[in-house]
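I set out to record, entry by entry, what I looked up in this structure.

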Amino acid sequence: MILAINGSPKPQGNLQRMVEKVARETGHDYEMVHLAKMRINPCLGCVKCAATFRCIQPDDMAPLYDKIVAADALIVGPVVYFGKANGFTHTFLERLFPLRHVEPQVMGKLAAVVCVGGDEAAKVTGEVIYHLESYFEYKVVGSVYFNSATPPCFICGFGTTCQYGGPARWMSPEEFANFTEITPEMFQNFEDHPEIVQGCERLSADLAQAIAALPAKK
Ligand SMILES: Cc1cc2nc3c(=O)[nH]c(=O)nc-3n(C[C@H](O)[C@H](O)[C@H](O)COP(=O)(O)O)c2cc1C
């Protein structure tokens, strides 16, 4: 079983569709976890989890620990907010702390990272891989990321006039003066980018192969 973590709060956004595609096309059973529909608090730093391998907080993370430990593989999907993994994803990663104590619970387990950003998805993909590998000793099979070039300023309603938003900062004054309309073509779908679709398919295949090579469960 694969546990697929969708960290994006946007229903059916690029990230959710990419994570689902990667999980589904492995051919293995998978469960999607939509972090934005859950209530998961940050780590309290109490370290009580060191003795029990479980967090004392009775929130929506509690039932996930057994699933994470039992899963053949974990897919982690962040979106990029302010140059970092967004809060839902970061909080989830932080709350994995109970699984890294005297008897590490996920050491050597398989993982993959799927990330969507405006233009910084590569950076955040690397940071999430680092988190999984260096703090939890997951074996990260691979990753895929998509830079959608779609800032929130395209949907807020003020994108073409706001002096503080992304377009005003990225564009030259001449370009911004001519930026009078936000059109549907400015919203990119990963499905229209063959290299991203192939990247998802390659990751699915690599994950399926790695799962097939796991020792049989007793
Ligand atoms: C509050 C906020 C901050 C963002 N900051 C960044 C950023 O710093 N760098 C970046 O590459 N993209 C940034 N983005 C763009 C998102 O990563 C982008 O919208 C992404 O396509 C979301 O994917 P989704 O549609 O699957 O949710 C930001 C979006 C929001 C809403």
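Predicted model: local features only at pLDDT ≥ 70, side-chain atom pairs only at ≥ 80, totals over all residues.

**Entry 1**

The ligand is surrounded by 19 residues, and the closest are Gly13, Leu15, Gly117, Gly118 and Glu120. I then noted which elements give two or more residues to this shell: helix 1 (14-24), strand 4 (80-81) and strand 6 (110-117). Sorted by class, the shell holds eight nonpolar, eight polar and three charged residues.

**Entry 1: the chain as a whole**

I counted the elements next and recorded eight helices and seven strands in the protein chain. I asked what radius of gyration the chain has beside that of a compact globule. For 218 residues a compact globule would have a value near 17 Å, and the chain has 19 Å, which agrees. The C-alpha trace spans about 65 × 40 × 25 Å along its principal axes. Of the 218 residues, 34% count as buried. Among contacts with a separation of 6 or more, I found that 75% join residues 24 or more positions apart.

I also looked up the domains: domain 1 covers 2-149 + 190-212, and domain 2 covers 151-187. Their centres, taken over C-alpha atoms, are separated by 31 Å.

In soluble globular proteins, nonpolar side chains tend to be buried together.

Leaving out residues up to four places away in sequence, Val22 touches Ile75, Ala112, Val114, Val144, Cys200, Leu203 and Ser204.

**Entry 2: helix 1**

Which residues of helix 1 are buried? I listed Asn14, Leu15, Gln16, Met18, Val19, Val22 and Ala23. An α-helix has 3.6 residues a turn, so residues three or four places apart point the same way. I next looked up what covers the buried residues of helix 1, and the cover includes strand 1 (2-6), strand 2 (30-34), strand 3 (73-77), strand 6, strand 7 (139-147) and helix 8 (194-212).

**Entry 3: two positive phi values**

Most residues other than glycine have a negative phi. I noted two residues with a positive value. Gln12 is not a glycine, yet its phi is about 60 degrees. Gln12 lies in the loop between strand 1 and helix 1. Is Gln12 buried or exposed? Gln12 counts as exposed because it has 9 C-beta neighbours inside 10 Å, where the limit for exposed is 12 or fewer.

The other is Val47, with a positive phi near 65 degrees. Val47 sits in the loop between strand 2 and helix 2 (49-52). With 11 C-beta neighbours inside 10 Å, Val47 also counts as exposed.

**Entry 4: alanine 36**

Setting aside neighbours within four places in sequence, I found Ala36 in contact with Pro9 and Phe88. I also recorded its distance to Ile75, which lies 39 residues away along the chain: their C-alpha atoms are separated by 16 Å.

Technical notes:
Residues numbered from 1 in each chain as written. Near = placed C-beta within 6 Å. Helix = DSSP H or I, 4+ residues; strand = E, 2+ residues; numbered from the N terminus. Nonpolar A, V, L, I, M, F, W, Y, C, P; charged D, E, K, R; others polar. Rg over C-alpha atoms; globule rule 2.2 N^0.38 Å. Buried ≥ 20, exposed ≤ 12 C-beta atoms within 10 Å, placed from the backbone. Contact = placed C-beta atoms within 7 Å. Domains from an automatic or database assignment.
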